[in-house]
Amino acid sequence: MRVVLDTNVLVSALLGESSLPAELVARWRQGRLTLLTADPQLDELARVTRYPKIRARLKPALAGRLVNDLREIAEIVEKLPVIDASPDPYDNYLLSIAAGGGADYLVTGDKSHLLAPDSHGGTKIVSVRSFLALTGRLQ
């Protein structure tokens with residue numbers, strides 16, 4: 001299963017080790033899903049984890065480890081198609097990663113923009129809770 005996790009999901013996983021987003025990251029680390037990412041997301045993750053309100057709650061080493069693991073273990077999508085489909089233009093790169101990497105799912109916490117359509121191309125757009133329910137964690 002090929003999955004794109006929105007940056008907000010990755011940050012939430014770092015902030016709550018027993019959270020549902022953390023369970024998704026654990027599944028990826030266990031090899032239970034293929035996580036797709038690209039340089040724009042890695043840059044955003046590095047930038048967001050330096051925000052003062054995030055740094056106050058997060059050890060920098062955890063954020064650095066996640067970025068390094070993404071670079072080493074995740075599948076880096078090199079060729080990103082140009083997509084202009086999200087009401088929030090800053091989310092288009094996530095749709096590009098999904099399209100360029102042939103993602104089955106884009107998992108997000110962005111209720112107002114990305115979750116509004118339930119799919120883009122062949123990629124289903126779902127919340128963390130919905131993804132875990134669909135893949136057997138929540139019944």
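**Salt bridges, cores and an aromatic pair**

User: Where do arginine 65 and aspartate 69 lie?

Analyst: Both are in helix α5, four residues apart, which is about one turn of the helix. Helices are DSSP runs of H or I with at least four residues, strands are runs of E with at least two, and both are numbered from the N terminus. This is a predicted model, in which local features need pLDDT of at least 70 and side-chain atom pairs count only at pLDDT 80 or more, while totals for chains, interfaces and linings use all residues. Residues are numbered from 1 along each chain as its sequence is written, and side-chain values use heavy atoms, with hydrogens and water left out.

User: What do the side chains of arginine 65 and aspartate 69 meet in?

Analyst: A salt bridge, at 3.7 Å from N to O. The term covers a side-chain nitrogen of Lys or Arg within 4 Å of a carboxyl oxygen of Asp or Glu.

User: Which residues are linked in a network with them?

Analyst: Arg29 joins Arg65 and Asp69 in a network of salt bridges. The side chains of arginine 29 and aspartate 69 come to 2.1 Å, N to O. Arginine 29 sits in helix α2 and aspartate 69 in helix α5, so this bridge ties together parts 40 residues apart in sequence.

User: Is aspartate 69 buried or exposed?

Analyst: Aspartate 69 is buried, at a relative accessible area of 12%. Buried means under 20%, exposed over 50%, and partly exposed in between, with a 1.4 Å probe and protein chains only.

User: How many salt bridges does the count come to?

Analyst: Five. One of them pairs arginine 27 with glutamate 23, whose closest N and O atoms are 3.5 Å apart. These two are four residues apart in helix α2, about one helical turn. Arginine 27 counts as buried at 6% relative accessibility, whereas glutamate 23 counts as partly exposed at 21%.

User: Switching to the nonpolar core. How many residues has the largest one?

Analyst: It has 30 residues, and those with the most contacts inside it are Leu5, Leu24, Trp28, Leu66, Leu70, Val107 and Phe131. A nonpolar core here is a set of buried Ala, Val, Leu, Ile, Met, Phe, Trp, Tyr and Cys residues joined through side-chain atoms within 4.5 Å.

User: Which elements supply at least two residues of this core?

Analyst: β1 (2–5), α1 (7–15), α2 (20–29), α3 (39–48), α5 (60–73), β4 (105–107) and α7 (128–134) each do. There is also a second, separate core of 13 residues, with Val77, Ile83, Ala103 and Ile125 among them.

User: Back to phenylalanine 131. What is it in contact with?

Analyst: Setting aside neighbours within four places in sequence, phenylalanine 131 is in contact with Met1, Val3, Leu24, Arg27, Leu33, Tyr105, Val107 and Val126. Contact means heavy atoms within 4.5 Å.

User: And how many aromatic pairs does a search of the whole structure find?

Analyst: One. The rings of tyrosine 105 and phenylalanine 131 have centres 5.2 Å apart and planes at 80°, so the pair is edge-to-face. Rings of Phe, Tyr and Trp (its six-membered ring) pair if their centres lie within 6.5 Å, and planes under 30 degrees apart are stacked, over 60 edge-to-face, the rest tilted. Tyrosine 105 is in strand β4 and phenylalanine 131 in helix α7, 26 residues apart. Both are buried.

User: How many residues of α6 are buried?

Analyst: Eight of its ten, so α6 is mostly covered by the same cut-off. They are Asn92, Tyr93, Leu94, Leu95, Ser96, Ile97, Ala98 and Gly101. Glycine 102 follows the helix with a positive phi, near 65°.

User: Where is valine 82 found?

Analyst: In the loop between β3 (75–76) and α6 (92–101). Valine 82 is exposed, at 84% relative accessible area. Its C-alpha is 8.2 Å from that of asparagine 92, ten residues apart in sequence.
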